Each structure stands twice: as C-alpha cells, then as structure tokens.
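These are my notebook entries on a structure I opened today. I set down what I looked up, in the order in which I looked it up.

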Amino acid sequence: MAELMANSDLAIGAAGSTSWERCCLGLPSIMVILADNQRLIASKLKEVGAAAIFDAEMLDILCLIDQQQTSSHVLKCMSTAAGKIIDGLGVLQILRQLRNKA
C-alpha cells in the first residue's frame, strides 16, 4: 500500500488512521468522513490545507476530484502541508520517551 500511495498524486480515503500515512508521504487527499470520531481529524487536516473533505450532503465528489486534479498548485500546496504534519519517525520518538523515563 505504501508503494501505491507513494506513486500517487491524489488519494481518496477515510479520515481515520490512514490519514497519518498519507501525510507522512505528503500525499494530497480527499477525505471521506465515515464515522463521527473522524470529524476532528478531517477538519484539522483541512484547516492546515493538507486535505479536502468530501461531504456527501454538500458536494459532488466528481466536481471535487476535478478541482483537485486540474490544479497542480493546489496539489503541491496540499502535499507540502501534509508532509509537515508527520515526520515518519514515530518509533524513534517513542524509544526516546521510553529511554528518558527509564
């Protein structure tokens, strides 16, 4: 999955834990909120410009995809914003914390 995501220009996915993987790869995303606990993640990633949100009640998904694909500037901005959120070094950060507590 990581290879597929790394070779993509835009992803459509749920606003759950995979959001962090997409951010780590700097992959612009259209996020679909599938559960209430995903609303905060989606809204924060949209707020910083890392993703767009698809709301079935408000938007036409084809229109949203078209907007994202036709603007390389939008995709580049989303990619940059997403890449700033996660550094991909989570395991090292956890190890540092564990060592500091020992």
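I began with charge pairs, taking a salt bridge as a side-chain nitrogen of Lys or Arg within 4 Å of a carboxyl oxygen of Asp or Glu. My search of the whole structure found one salt bridge. I noted that this is a predicted model, in which local features need pLDDT of at least 70 and side-chain atom pairs count only at pLDDT 80 or more, while totals for chains, interfaces and linings use all residues. Residues are numbered from 1 along each chain as its sequence is written, and side-chain values use heavy atoms, with hydrogens and water left out.

**Entry 1, the salt bridge.** I found that the side chains of Arg39 and Asp36 meet at 3.3 Å, N to O. For exposure I used relative accessible area with a 1.4 Å probe and protein chains only, calling a residue buried under 20%, exposed over 50% and partly exposed in between. Asp36 is exposed at 60%, and Arg39 is partly exposed at 47%.

I took helices (H or I, at least four residues) and strands (E, at least two) as DSSP runs, numbered from the N terminus. The protein chain has six helices and three strands, and along the sequence they follow the pattern α-β-α-β-α-β-α-α-α. Of its 102 residues, 30% are buried. I then looked up the accessible surface (Shrake-Rupley method, 1.4 Å probe; for residues, only the protein chains shown count as cover), which comes to about 7,000 Å², with 57% of that belonging to carbon and sulfur atoms.

With contact meaning heavy atoms within 4.5 Å, and leaving aside neighbours within four places in sequence, Arg22 touches Met5, Ala11, Gly13, Ala14, Leu27, Ser29 and Met31.

The number of buried residues in helix 6 is zero, so helix 6 lies largely in the open. Val91, which lies in helix 6, is exposed at 60% relative accessibility.
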